[in-house]
Amino acid sequence: MSDQKRVVVTGATGLIGRPLCAHLCERGYAVTIFSRSTDKARQTLPGMADYVAWQAEEHGAWERAIDGAHAVINLAGASLFSKRWTEKYKRVLWDSRVVGTRGLVNAMRAASARPAVFISGSAVGYYGARDDTVLPEEAAPGNDFLAKLCVAWEQEAFKAKQLGVRVATIRTGIVLDANEGALPLMKLPFTFFAGGYILPGTQWFPWIHIADEVGIILKTLDDADVRGPVNASAPHPQTNADFMRTLGRVMGRPAWVPVPGFALRLALGAFADSLTTGQRAIPENITEHGYTFKYPTSEAALRDLLG
């Protein structure tokens, strides 16, 4: 396998990284995984080309692993769901994304043969809390913590443009997967006939099927014309109330118990604000470059994932 077909992936053991790496291998790429725990990475994703110990730092001895790679795909970042957003954990969220991305770009700068493309994570939270405003990629950013985090994260990634690297940032919505992430948590109350929308219900809910999330990243990797921010959310966004009604219909359950925002804040802290507000994000960039969504509607996505 030549270096022209080598791809470096961070965050490979996560929700998006695992199926992405599988697809990369199927396409003939040699995948090098950067991981905080190479032992865990080997167990989770056996058969990859290489496993490199990596931390979210500004400088590290990673340029040799990046040198000559065709692409770097950066999915690393501490979980937005797993802990309350205390000031201490906000620093973890920030460093794992912003400082980690800075370290990758610094490694590219030190490499003698730089990658052709750098695909870095981001989120639709970039746009902040919005009402009914339609949000293509050129829309302005918001001002809350998550928006500022996404802005800083993307700014670090786009520094690779100065090195002659094509850069795309994937602004991901709520990724729907059958076994982990948001969907198992959302469907649990419906199992007990206690499901419902999150108040006020009129907030937009930018979701995406895991297959389309991976598909968009692969399209971005393959198509040299795709660059800049890329909204990774379904082309037919819904309000939270509409989405939850669809979930209830697919599960054969009513959606009649609304969840108040204050209850979410007690459980989740500041992250709850990301669920009581939303973004009407539109995937304009990737669809203009010819990507066709496998699951453009929530009903089709949920029926696939929930059987």
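Strand 4 (residues 71–74) and strand 5 (residues 117–123) pair in the parallel sense over four bridges; two strands count as paired if DSSP finds at least two bridges between them. In strand 5, S120 is the bridge partner of N74. This is a predicted model: local features need pLDDT of at least 70, side-chain atom pairs count only at pLDDT 80 or more, and totals for chains, interfaces and linings use all residues. Residues are numbered from 1 along each chain as its sequence is written, and side-chain values use heavy atoms, with hydrogens and water left out. Helices (H or I, at least four residues) and strands (E, at least two) are DSSP runs, numbered from the N terminus.

- Seven strands form an open sheet with parallel pairing, in the order 3-2-1-4-5-7-11.
- Strand 3 (50–53) and strand 11 (228–232) are the edge strands, and each pairs on one side only.
- Neighbouring strands of this sheet are turned by 20° against each other on average, direction ignored.
- Axes are lines fitted to C-alpha atoms, for helices over the stretch in contact, and angles run from 0 to 180 degrees between N-to-C directions.

**Helices on the sheet**
- Helix 4 (residues 87–110) packs on the sheet and touches strand 1, strand 2, strand 4 and strand 5. Contact means heavy atoms within 4.5 Å.
- The direction of helix 4 makes about 170° with that of strand 5.
- Helix 5 also packs on the sheet, touching strand 4, strand 5, strand 7 (166–172) and strand 11. Its direction makes about 175° with that of strand 5.

**Strand 1**
- Five of the five residues of strand 1 (residues 6–10) are buried, that is, under 20% relative accessible area (1.4 Å probe, protein chains only).
- R6, V8 and T10 point one way, V7 and V9 the other.
- Five bridges join strand 1 to strand 2 (residues 30–35), and the two run parallel.
- V8 has T32 in strand 2 as its bridge partner.

**Helix 5 itself**
- Helix 5 (residues 145–158) has 14 residues.
- Its buried residues are L146, A147, L149, C150, A152, W153, E154, E156 and A157.

**Helix 6 against helix 8**
- Helix 6 (residues 182–191) and helix 8 (residues 240–251) pack at about 65°, with axes 10 Å apart.
- L183, M186, K187, F190 and T191 in helix 6 meet F243, M244, L247, G248 and M251 in helix 8.
- These contact residues divide into seven nonpolar, two polar and one charged. Ala, Val, Leu, Ile, Met, Phe, Trp, Tyr, Cys and Pro count as nonpolar, Asp, Glu, Lys and Arg as charged, and the others, Gly among them, as polar.

Note on methods:
Expected span 1.5 Å × (residues − 1). Buried < 20%, exposed > 50% of the residue type's maximum accessible area, 1.4 Å probe, protein only.
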